[in-house]
Amino acid sequence: MPEFFYTTARNNQARPSQHFRVTPVAGSLGADVHDIDLNDLSDAGQADLRQALMDHQVLFIRDQSLSVEQLEAVSLRFGEFGVEPYVKPMADHPHVVHVVKEAGEGTPFVFGGAWHSDWTFQERPPAFTLLYGHDVPEVGGDTLFNNMYLACEWLSPALRKMLLGLNGVNSPEFGYGPNAKHNAGLESMQILYGENVDHDVRSHPLITRHPETGRNVLFANPAYTLGIEGMKAEEARPILDYLFSIATAPAFTVRMRWTPGTLAIWDNRCVWHQPVSDYFGNRREMFRTTVVGDKPQRGSEE
């Protein structure tokens with residue numbers, strides 16, 4: 001019998017704020033944020049917004065009007081820009097990636113089109129990603145997110161104890177290495193792929209401690225975590241596949257609907273995401289930044 005996955009309604013509760021209105025959208029994670037102007041947000045409002053991000057892991061901030069320069073300013077209120085490898089940023093904005101899929105492109109491939117957490121092969125992976133929806137389809141083009149706190153908590157005590165002592169091997173091989181030919185289908189973006197990526201292979205703990213909430217997180221994803229340090233591939237693969245099956249259980253996910261002028265902010269330290277390719281033939285245009293995080297630290301027995 002397959003596992004029966006669940007979470008509880010109290011997992012994703014909104015706390016009140018004098019600066020905006022928060023509406024949770026699933027029991028797992030995620031919230032819509034209304035009645036806020038990110039271009040005119042006080043320091044107290046920014047502190048509440050960061051707390052809401054810690055509470056809900058991903059926020060969809062509705063009804064914003066952001067230029068590229070304003071998106072940069074909003075990003076910097078969360079921390080320093082991250083480094084964007086394997087994708088060429090905008091010429092005049094070296095920290096902004098123009099994520100666009102034109103209606104007339106020949107394949108349905110989309111940028112980042114698999115479950116992942118951004119750039120986990122970096123020494124300091126992004127803490128946050130900000131993605132602004134400038135031109136979104138009327139139907140389709142949603143983004144899926146999941147809660148890696150819940151995935152970690154689901155593990156049996158015995159498996160969690162074993163994983164606490166192990167490191168995942170993270171590599172951009174599948175996404176950007178010599179055989180990553182799917183990138184040729186991203187006609188409107190400049191993706192750098194096809195070269196040896198051994199210089200970007202790094203190990204991080206499979207269970208990390210979130211630096212702001214202190215909670216343990218399952219820190220592995222199917223796009224970049226390709227092995228387990230010290231294990232044969234044949235040993236590591238079944239473990240990783242089982243972990244990934246837990247993380248993608250519907251009870252631990254949320255599907256977010258884009259509307260024009262929506263800014264999504266998510267916490268890569270405890271969330272995966274996946275854009276849904278179901279709008280082929282329609283246009284979708286976004287602008288994306290990342291905020292650098294700390295070097296992942298090992299979790300602890302609780």
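Me: Let's start with one cysteine: at 2% relative accessibility, does C152 count as buried or exposed?
Reply: Buried means under 20% relative accessible area, exposed means over 50%, and partly exposed is in between, using a 1.4 Å probe and protein chains only. C152 has 2% relative accessibility, so the class of C152 is buried.

Me: Good to know! What kind of model is this?
Reply: Residues are numbered from 1 along each chain as its sequence is written, and side-chain values use heavy atoms, with hydrogens and water left out. Local features need pLDDT of at least 70, side-chain atom pairs count only at pLDDT 80 or more, and totals for chains, interfaces and linings use all residues, as this is a predicted model.

Me: How many disulfides does the count come to?
Reply: A disulfide is a covalent bond between the sulfur atoms of two cysteines. Here the rule asks for a pair of cysteine sulfur atoms within 2.5 Å. By that rule, the number of disulfides is 0.

Me: How far from C152 is the nearest cysteine sulfur?
Reply: C152 takes part in no disulfide. The nearest cysteine sulfur belongs to C270, and its distance is 11 Å.

Me: And what about C270, is that one buried or exposed?
Reply: C270 is in no disulfide either, with the sulfur of C152 as the nearest cysteine sulfur. The relative accessible area of C270 is 1%, so C270 is buried.

Me: C270 also lines the largest cavity; what is the volume of this cavity?
Reply: Rolling a probe the size of a water molecule over the atoms shows where empty space is left. On a 1 Å grid over the protein atoms alone, a cavity is a set of points where a 1.4 Å probe fits but cannot get out, a pocket is an open set with protein on both sides within 12 Å along at least five of seven lines, and lining residues have an atom within 4 Å of a point. Grid points are joined across faces, edges and corners, and a volume is the space filled by probe spheres set on the points. The count comes to 1 cavity of 30 Å³ or more, and the largest cavity has a volume of about 60 Å³.

Me: How many charged residues are in the lining of the largest cavity?
Reply: Among the lining residues are S117, M148, N221, R269 and W272. Ala, Val, Leu, Ile, Met, Phe, Trp, Tyr, Cys and Pro count as nonpolar, Asp, Glu, Lys and Arg as charged, and the others, Gly among them, as polar. The lining has 7 nonpolar and 4 polar residues, and the number of charged ones is 1.

Me: Now for the largest pocket: which lining residues are the closest to its centre?
Reply: The largest pocket holds about 610 Å³ of space. Its lining has 35 residues, and the closest to the centre are V110, F111, G112, G113 and A114.

Me: Which elements give two or more residues to the lining of the largest pocket?
Reply: Helices (H or I, at least four residues) and strands (E, at least two) are DSSP runs, numbered from the N terminus. By class, the pocket lining has 20 nonpolar, 10 polar and 5 charged residues. The elements giving two or more residues are β4 (97-101), α5 (173-176), β14 (271-275) and β15 (284-292).

Me: M286 lies in strand β15. How far apart are the C-alpha atoms of M286 and K101?
Reply: M286 has 0% relative accessibility, so this residue counts as buried. M286 and K101 are 185 residues apart along the chain, and their C-alpha atoms are separated by 9.0 Å.

Me: What arc do the buried residues of α6 cover around the axis?
Reply: In α6, A236, I239, L240, L243, F244, I246 and A247 are buried. The arc is that of the directions from the helix axis to the C-beta atoms. These residues are on the same side of α6 because they cover an arc of only 150°.
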